[in-house]
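I opened this entry to get my bearings in a structure that is new to me. I wanted the overall picture before going to single residues.

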Amino acid sequence: MAKNQARFIFSHVLFLAVILYVDGKRDGHSNGHKNGHNNGPTTRKGRWESKLKMNFYHKTCPEAEDIVNEIVSKKVKANPSLAAKLLRVHYHDCFVRGCDASLLLDSVAGKDASEKEARPNLSLIGFDIIDEIKSVLEKRCPKVVSCADILTLAARDAVSYQYGRPLWNVFTGRVDGRVSLATEATRDLPSAGANFTVLQKLFAESDLNVVDLVALSGAHTIGTARCGVFGRRLLNFTGKGDSDPSLNPSYATLLKSKCTDKSQRLNSSAVVGMDPTGALSFDSGYFISLLQHKGLFTSDATLLTDPSAAHIASVFQNSGSFLAQFGRSMIKMSSIKVLTLGDEGGEIRRNCRVIN
């Protein structure tokens, strides 16, 4: 028994070491992050080599990161649910045109609707916090700190607040995009109903691999979702009034009790936590639940349909393993197609909601 347990632990540790090593090689990272001179991550194909750096604003606006952290920490302390909301805004920004704050732009009369107007983004919350941070920074350091960097830092600081330390490094130096289209958001954002093939394709297009896909799915360990998003899995999976057979029966019963009225009709606006072990604590609870077939969305459950993804999920039941890889995957995600100084189509917005 002891030997089998030791063998199991060793195989998981070895597996994690391998994926972290390979991932690190592909990212182009070294251990020199703290010196502030390291370039940010590069993709394995080199298509979007970034020029991001640690402490990019240390001369031009030395208080920038402290200001972001101070405001975000104050907000999350007062309302812990904001951590998930700010993280979600960052995700939704990066998967459309890269991490360029295009999501923050408001629609302009007479022009195509902006990303904010896309259906997947209508429930996003947290724009006012970014506005507040930007307002303070514009007074301290006019036209220096980009909205894209503010959003990236805010997401990290919001998630990290419960630990009292940053969970991953943020490389800065982004500038803001000038184009925002709702049609692109509808096309490019991963859907809660996506299967594994679709998810893997969408992530691969941003040079994010299966390890990143599983790790970043772990963001669902915090936050809530409306029952309308996954209601079909509960009440009409095949059109015959049935539940998704891949969903844990007891969990399905619990969800039905929260998502239906007395007549057993779906209450689409009802809200439940995405991780049944707790919606406010950023930890490995998501993976523990997932392996019990308690993934809330089809996009969660589908991770278990791929052997590699399922094995990675089993490794991430260990919080330390999950947090380490989540940080690495966030660094990769936040470098998707970034615009930096000198790139065509980029600027430092004075107001995150409108182009200059």
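I began with Asp157 and listed its neighbours: leaving out residues up to four places away in sequence, Asp157 touches Glu65, Val68, Asn69 and Val72. I noted that the model is a predicted one. I then looked up where Asp157 sits, and found Asp157 in helix α5, which covers residues 147-160. Is Asp157 buried or exposed? Its relative accessibility is 5%, so Asp157 counts as buried, the cut-off for buried being under 20%. I also checked its side chain, which makes a polar contact of 2.6 Å with the side chain of Arg156.

Next I stepped back to the chain. I read off 14 helices and 5 strands. The chain has 356 residues, and 50% of them count as buried. I took the accessible surface as about 16900 Å², with 54% of that belonging to carbon and sulfur atoms. For contacts between residues at least 6 apart in sequence, I found that 73% join residues at least 24 apart.

Last, I turned to the annotation. Which residue does the UniProt annotation "active site" cover? The record, an unreviewed entry, places it on His92. I located His92 in helix α3, residues 82-94. His92 counts as buried because its relative accessibility is 13%. I listed what His92 touches, again without residues up to four places away in sequence: Leu103, Glu115, Pro120, Asn121, Leu124 and Leu189.

Terms used:
Residues are numbered from 1 along each chain as its sequence is written. This is a predicted model: local features need pLDDT of at least 70, side-chain atom pairs count only at pLDDT 80 or more; totals for chains, interfaces and linings use all residues. Side-chain values use heavy atoms; hydrogens and water are left out. Helices (H or I, at least four residues) and strands (E, at least two) are DSSP runs, numbered from the N terminus. Buried means under 20% relative accessible area, exposed over 50%, partly exposed in between (1.4 Å probe, protein chains only). Contact means heavy atoms within 4.5 Å. Accessible areas come from the Shrake-Rupley method with a 1.4 Å probe; for residues, only the protein chains shown count as cover. UniProt positions are given in the numbering used here, feature names are shortened, and annotations may be inferred rather than shown by experiment. A polar contact is a pair of N or O atoms within 3.5 Å; within protein, one must be able to donate a hydrogen and the other to accept it, and residues adjacent in sequence count only if both atoms are side-chain atoms.
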